[in-house]
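My entries follow the structure below.

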Number of protein chains: 2
Amino acid sequence: MNSTSSSSPLRIVIIGGVAGGASAAARARRVNAHAEIIVLEKGPYISFANCGLPYHIGGDIAKRESLLVATPELFQQRFRIEIRTLQEATAIDRNQKSVSVKNHATGETYSLPYDKLVIATGSEPLRPAFYPTQAPNAFQLWTLPDLDRVMSYLNSHAVKHVTVVGAGFVGLETVEQLHRRGVAVDLLERAPQVLGQLDREMAMFVHNELTRHGIKVRVNAELTKFEFDGDRIVALELADGSKLETDMVLIGAGVRPRVELAQAAGIELGTRGVKVNEFMQTNDPNIYAVGDIAEYTHRVTGLPQLLPLAGPANRSGRVAGAHAACGKSEPMGTVLGTAIVRVFELTAACTGFSERLCKLNKIACRSVIIQAAHHASYFPGAKNLTLKLIYAPDSGKILGASAIGAEGVDKRMDVIATAMQFDGTVYDLAEVDLAYAPPYGSAKDPVHMAAFAACNDLDEWPQIVEPDFNLDGYQVVDVRTAKERETLPCVGSIGIPVDEIATRWQELDKTRPTVVVCHSGKRAHVAACWLKGLGFQDVKNLSGGMSIRKLLTPPQS
Amino acid sequence: MNSTSSSSPLRIVIIGGVAGGASAAARARRVNAHAEIIVLEKGPYISFANCGLPYHIGGDIAKRESLLVATPELFQQRFRIEIRTLQEATAIDRNQKSVSVKNHATGETYSLPYDKLVIATGSEPLRPAFYPTQAPNAFQLWTLPDLDRVMSYLNSHAVKHVTVVGAGFVGLETVEQLHRRGVAVDLLERAPQVLGQLDREMAMFVHNELTRHGIKVRVNAELTKFEFDGDRIVALELADGSKLETDMVLIGAGVRPRVELAQAAGIELGTRGVKVNEFMQTNDPNIYAVGDIAEYTHRVTGLPQLLPLAGPANRSGRVAGAHAACGKSEPMGTVLGTAIVRVFELTAACTGFSERLCKLNKIACRSVIIQAAHHASYFPGAKNLTLKLIYAPDSGKILGASAIGAEGVDKRMDVIATAMQFDGTVYDLAEVDLAYAPPYGSAKDPVHMAAFAACNDLDEWPQIVEPDFNLDGYQVVDVRTAKERETLPCVGSIGIPVDEIATRWQELDKTRPTVVVCHSGKRAHVAACWLKGLGFQDVKNLSGGMSIRKLLTPPQS
């Protein structure tokens with residue numbers, strides 16, 4: 001590089017060339033034309049589309065080359081950044097300010113001095129302790145070489161059945177793509193539900209969508225043993241003793257941060273990842289940690305937290321790259337863990353904390369679930385959208401949300417995530433001025449409807465009770481039609497259709513604690529308002545109605 | 001109604017049964033089971049889908065019945081709200097607290113006492129002073145009877161050509177639907193551009209999309225005269241002397257609030273609409289004004305402003321309905337004027353203030369335009385999205401935004417509108433934690449890209465200059481490829497492809513004020529960073545690049 005500076009340039013070494021690392025390198029160059037920037041990547045590729053990997057399996061992303069987002073040549077030519085692939089950082093000497101590097105292509109090792117060091121070693125997939133590394137038909141899916149192995153096996157073997165272990169985001173994307181190839185799939189999940197980031201009733205939509213497409217979903221399914229024919233896995237054994245024959249196994253059961261390199265160099269860790277400040281600096285101010293190994297600050301708790309997602313990885317890389325290169329940067333800000341996945345015709349998304357996570361963290365919360373059309377219901381193509389909003393009982397501050405539907409799920413999640421970025425309340429959310437025309441939304445958007453429901457709950461007009469609320473001892477008023485009641489009974493309830501409540505309320509006991517139910521909670525709200533207004537002392541609305549309750553309880557007869 | 005109260009119930013009279021009025025009625029009932037609620041609607045329908053009307057013309061909404069969102073029967077049965085259609089409020093006696101009503105069905109008049117009154121008289125379309133009311137082929141499109149007239153004429157006449165006057169939201173929706181019917185359309189707009197809510201370069205995308213579909217768009221076109229054959233319009237004359245033969249005319253040139261009733265009763269007006277407080281109360285605390293006649297508080301200016309949109313109409317109705325019925329409510333909050341329209345394969349949307357509106361209001365602003373894929377570019381189906389962000393030069397506070405594209409426009413606008421609700425800055429926007437998976441977005445979403453560009457501009461690393469910036473006297477560096485330069489030349493520029501800047505910068509004069517240009521501004525940003533970093537004293541980036549500049553300037557040869 002033609003430097004105009006006479007002194008030797010600042011050298012920034014970046015360990016890891018995917019997401020956070022690549023982002024740090026590009027940003028460093030933009031703010032410092034003179035720095036020498038070197039990226040060490042132990043794998044053969046930099047900056048590949050990790051989030052796109054599953055989509056190549058089923059052909060959604062037809063060409064493998066599409067997954068190579070940026071090449072070493074682009075980095076070299078446009079940014080004068082030196083990319084050293086197949087070169088692994090094996091140790092960091094903080095006193096000497098140098099990195100020991102092993103070149104896997106040549107076998108040689110060398111020492112690389114740095115002025116500033118950015119560690120972006122990322123995560124690696126978790127695998128059972130008894131994972132058979134040698135099995136030709138056991139796979140993980142985290143890197144491009146991982147994908148190459150999967151594709152090569154699928155293309156050269158008569159694979160009729162695959163077992164996917166782990167029903168998280170990557171697991172679900174993989175299941176969908178395998179199904180697209182015409183392969184039968186069993187999905188094993190150790191937890192009692194798929195997609196642990198969602199509360200159970202929301203996850204049930206995903207569960208049912210998988211089942212509807214012929215995926216055999218096994219929850220509470222703990223893999224205990226592989227059975228082999230030679231090296232090849234031929235069956236799996238589960239903790240309940242059941243056995244599952246399969247042609248291929250794909251493990252997608254979460255990831256762990258690769259912190260060993262940082263830890264060995266005496267970099268301070270937090271609970272599980274590397275402890276960093278707002279500029280992604282570690283306890284050594286010349287060393288930054290970004291991406292999956294760094295502990296971001298979670299907006300809901302204010303506490304440091306690992307979050308292996310591409311968005312925060314890129315942002316943290318940007319922050320560290322700028323700060324390493326010129327000593328200043330915008331701070332990293334907080335994270336919410338906003339995430340989204342397509343599961344056949346449905347989209348599931350979440351942001352912030354689920355109700356379950358709130359409870360685990362002893363954060364007081366309340367929640368509502370609403371169902372609404374994703375755009376004006378009178379405009380053709382309106383699809384049902386289910387939205388859950390979780391909020392603080394005192395302030396109404398939004399703690400999290402999740403949504404499920406065929407269309408418009410991403411938009412609602414992004415709106416709520418944006419409101420959360422500003423510590424917004426459900427009252428704020430009720431007021432957001434969203435874009436409305438019939439093909440896009442409703443004058444009262446699902447976001448508003450959820451916010452209204454939450455405001456009603458907080459104002460106790462009326463309060464809602466959770467979908468699996470124990471109705472024993474309550475006067476339960478079912479305001480659905482006779483036909484709806486027949487199709488999906490609400491045992492022990494008194495049936496008064498919503499339009500008859502105002503004339504037939506005397507049939508009820510005003511003094512008894514009462515819960516009103518309908519299909520989705522909307523008519524029940526109207527009826528509950530009537531009863532409250534007519535002097536009933538304790539009236540509540542079943543959140544989400546029978547359509548949600550049925551997902552949580554076995555059918556009643 | 002069976003009232004448990006012994007005193008005579010509160011009577012709430014609502015004038016106008018569409019959007020705001022219907023919303024007020026339903027909300028009033030929810031918070032007050034005892035009130036007597038009467039809605040006076042001078043037209044034959046309540047609560048119809050005003051925003052859906054244009055979509056019936058071309059058959060997108062196939063059935064007229066779909067436009068009837070709620071019937072008087074529903075209001076009666078479910079909410080015990082009395083709907084009096086074809087009954088017009090002709091005067092308000094504030095001393096007597098009564099409304100004079102004319103029943104258009106029977107011809108009789110009567111006086112209706114109220115305790116609380118909600119005025120929701122809405123808007124009416126603006127028409128030229130010389131509008132021929134008697135012409136059988138001149139139409140407006142504001143109510144369901146208006147639509148019925150249009151449909152009846154289209155279905156019974158051989159209409160081959162329609163002239164739509166006014167290129168605002170409703171005008172554009174109407175044009176699209178007429179085109180769907182196979183009718184040739186001329187679109188006349190008095191202003192120098194279509195869709196005045198957008199800045200000119202953004203509106204040009206819409207203009208070009210209309211033209212691409214064979215719509216003849218005439219801007220700066222002032223209608224001065226109609227020509228008749230009997231009652232029937234056969235041609236139009238424009239201010240420039242040109243004449244346009246046509247079979248039918250549809251006027252959609254804006255609306256005015258129907259404030260006469262309120263004004264005659266001594267209700268205080270603001271600049272053009274009714275002055276209200278945060279609970280939509282007028283100067284008479286027993287009288288509320290909601291919807292298109294009420295002046296909402298605009299978030300950007302903090303000033304009262306009319307805004308004839310369905311979202312705020314519904315929200316203001318909700319607020320007034322609750323407050324009238326029980327004396328308390330959440331406040332109305334502010335409005336942003338977020339709006340959206342589909343124009344053939346494109347969607348155009350905006351929120352807050354445009355750059356032009358900022359200038360008109362003497363609000364200091366800066367802006368950036370970026371172009372990015374609406375989801376991961378490596379995932380099939382990625383469409384280009386153009387996003388303009390307008391912000392304060394001192395604080396970076398977001399003042400407005402607009403977006404154009406085939407997909408994902410609504411989402412980005414809603415995210416920015418939500419951030420604006422909290423007085424968010426471009427720095428805040430750069431940090432929002434949005435939902436990312438390849439089918440939905442990018443790790444760096446277009447919203448982030450726009451925010452990054454704005455942050456760079458504010459940090460002067462480098463500053464941007466507006467798309468139509470006068471480049472005379474500047475050293476202009478074009479970093480596109482030779483082929484791109486040939487296709488769309490940037491006259492007087494020096495061509496150095498971005499990847500050669502770091503080695504060829506000595507060909508340039510460091511001391512001259514410099515503007516870097518490329519296709520969209522992205523490569524120019526990289527190159528401008530190089531030049532700044534290499535000691536160039538004054539380097540700027542052309543916002544939006546040549547792809548936007550070409551929309552604002554005639555082609556250069």
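I looked up the interface first: 77 residues of chain A are in contact with 77 residues of chain B, where contact requires C-beta atoms, placed from the backbone, within 7 Å. I noted that this is a predicted model, in which local features need pLDDT of at least 70, side-chain atom pairs count only at pLDDT 80 or more, and totals for chains, interfaces and linings use all residues. Residues are numbered from 1 along each chain as its sequence is written, while chains are lettered from A and ligands numbered from 1 in the order in which they are written.

On the side of chain A that touches chain B, the elements that each supply at least two residues include helix 1 (19-31), helix 8 (310-326) and strand 22 (339-343) of chain A. Helices (H or I, at least four residues) and strands (E, at least two) are DSSP runs, numbered from the N terminus. Helix 10 of chain A gives the largest share of this side, 9 residues. I sorted this side of chain A by class and found 44 nonpolar, 18 polar and 15 charged residues; Ala, Val, Leu, Ile, Met, Phe, Trp, Tyr, Cys and Pro count as nonpolar, Asp, Glu, Lys and Arg as charged, and the others, Gly among them, as polar.

I turned next to the sheet. In chain A, 5 strands form an open sheet with parallel pairing, in the order 9-16-10-11-12; strands pair if DSSP finds at least two bridges between them. Strand 9 (138-140) and strand 12 (216-218) of chain A each have a single partner strand, so one side of each is left without a neighbour in the sheet. I recorded 3 bridges between strand 11 (residues 184-188) and strand 12 of chain A. A:Leu187 has A:Val217 as its bridge partner in strand 12 of chain A.

Key. Two residues are in contact if their C-beta atoms, placed from the backbone, lie within 7 Å.
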